[in-house]
Amino acid sequence: MPSLTAVGEGSNLYPPIAPDGTFKLKLPQGLFYPPRATMTFSFEGKNYFADLDPVNPVQGTRNGTEGIVQNFVWRITGPKPGALNPDVNNATHWFGFTTPVLFMPYADDTQKSPKPLVEGTRLVWTLKPTSKLIDGTEAKTLTIERVWRDRSYREIDALNDVPPANYEVSAV
């Protein structure tokens with residue numbers, strides 16, 4: 001059971017959580033930073049940890065005297081709050097995972113340098129799920145298109161906002 005602290009002192013509170021995810025906790029008088037929430041879950045026999053996203057978050061501190069209510073949701077894909085014009089090429093704008101795609105100037109498997117791509121070449125990735133999504137829902141095949149911009153040996157546009165699951169990946 002967490003101990004309560006005097007007003008102005010930092011404290012982390014870990015209340016008991018009901019099966020439906022709710023909890024109640026009596027707070028001492030004082031101001032509190034917005035609550036944060038995390039969860040642990042299993043996926044294919046391994047345990048993982050995820051941050052939860054506050055619904056309609058309040059900025060700044062809150063007075064604990066009136067009580068604090070904050071709902072959270074687990075988002076595995078979609079634009080993050082604050083990304084007013086989400087950029088498909090900016091990994092920080094999305095909840096889903098990011099897979100960097102690199103141009104390699106030498107292919108180990110063929111022991112040759114690949115033919116350089118022409119600027120503007122259309123690249124198409126197909127991600128075929130081999131598992132359910134991490135939240136247990138059915139995964140769907142994804143097709144992601146990008147246009148090649150010559151960047152030499154640097155990373156090209158990554159595949160962003162991919163819902164976490166296991167995939168078989170192919171590209172043309």
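Select Asp161 to begin: this residue is buried, with a relative accessible area of 16% (buried means under 20% relative accessible area, exposed over 50%, partly exposed in between, with a 1.4 Å probe and protein chains only). Asp161 is found in strand S10, where strands (E, at least two residues) and helices (H or I, at least four) are DSSP runs numbered from the N terminus. Its phi is near 60°, a positive value in a residue other than glycine.

The model is predicted, so that local features need pLDDT of at least 70 and side-chain atom pairs count only at pLDDT 80 or more, while totals for chains, interfaces and linings use all residues. Residues are numbered from 1 along each chain as its sequence is written, and side-chain values use heavy atoms, with hydrogens and water left out.

Asn56 sits in the loop between strand S4 (53-54) and strand S5 (62-63). Is Asn56 buried or exposed? At 68% relative accessibility, Asn56 counts as exposed.

Next, display the whole chain as a cartoon. The protein has 0 helices and 11 strands, and 24% of its 172 residues count as buried. Contact means heavy atoms within 4.5 Å; among contacts between residues at least 6 apart in sequence, 52% join residues at least 24 apart.

Val101 is found in strand S7 and is buried, with a relative accessible area of 14%.

The side chain of Arg146 reaches the backbone oxygen of Ala158 at 3.2 Å. Arg146 lies in strand S9 (residues 142-147) and is buried at a relative accessible area of 9%.

Now select Leu159. Apart from neighbours within four places in sequence, Leu159 is in contact with Phe97, Thr98, Thr99, Val101, Trp125, Leu127, Ile144 and Arg146.

Which of its 17 residues touch the most other members? They are Trp125, Leu127, Leu133, Leu159, Val162 and Tyr167. Strand S2 (38-43), strand S8 (122-129) and strand S10 (155-162) are the elements that give two or more residues to this core. S8 gives the most, with 3 residues.

Finally, turn to the second largest pocket. On a 1 Å grid over the protein atoms alone, a pocket is an open set of points where a 1.4 Å probe fits, with protein on both sides within 12 Å along at least five of seven lines, and lining residues have an atom within 4 Å of a point. This pocket has a volume of about 220 Å³, the volume being the space filled by probe spheres set on the points. Its lining holds 13 residues, of which Leu102, Phe103, Met104, Pro114 and Leu117 lie nearest its centre. Strand S7 (97-102) and S8 each supply at least two residues of the lining. Colour the lining by class to see 12 nonpolar residues, no polar and 1 charged (Ala, Val, Leu, Ile, Met, Phe, Trp, Tyr, Cys and Pro count as nonpolar, Asp, Glu, Lys and Arg as charged, and the others, Gly among them, as polar).

Methods
Polar contact = N/O pair within 3.5 Å; in protein donor to acceptor, adjacent residues only side chain to side chain. Core = buried A, V, L, I, M, F, W, Y, C linked by side-chain atoms within 4.5 Å.
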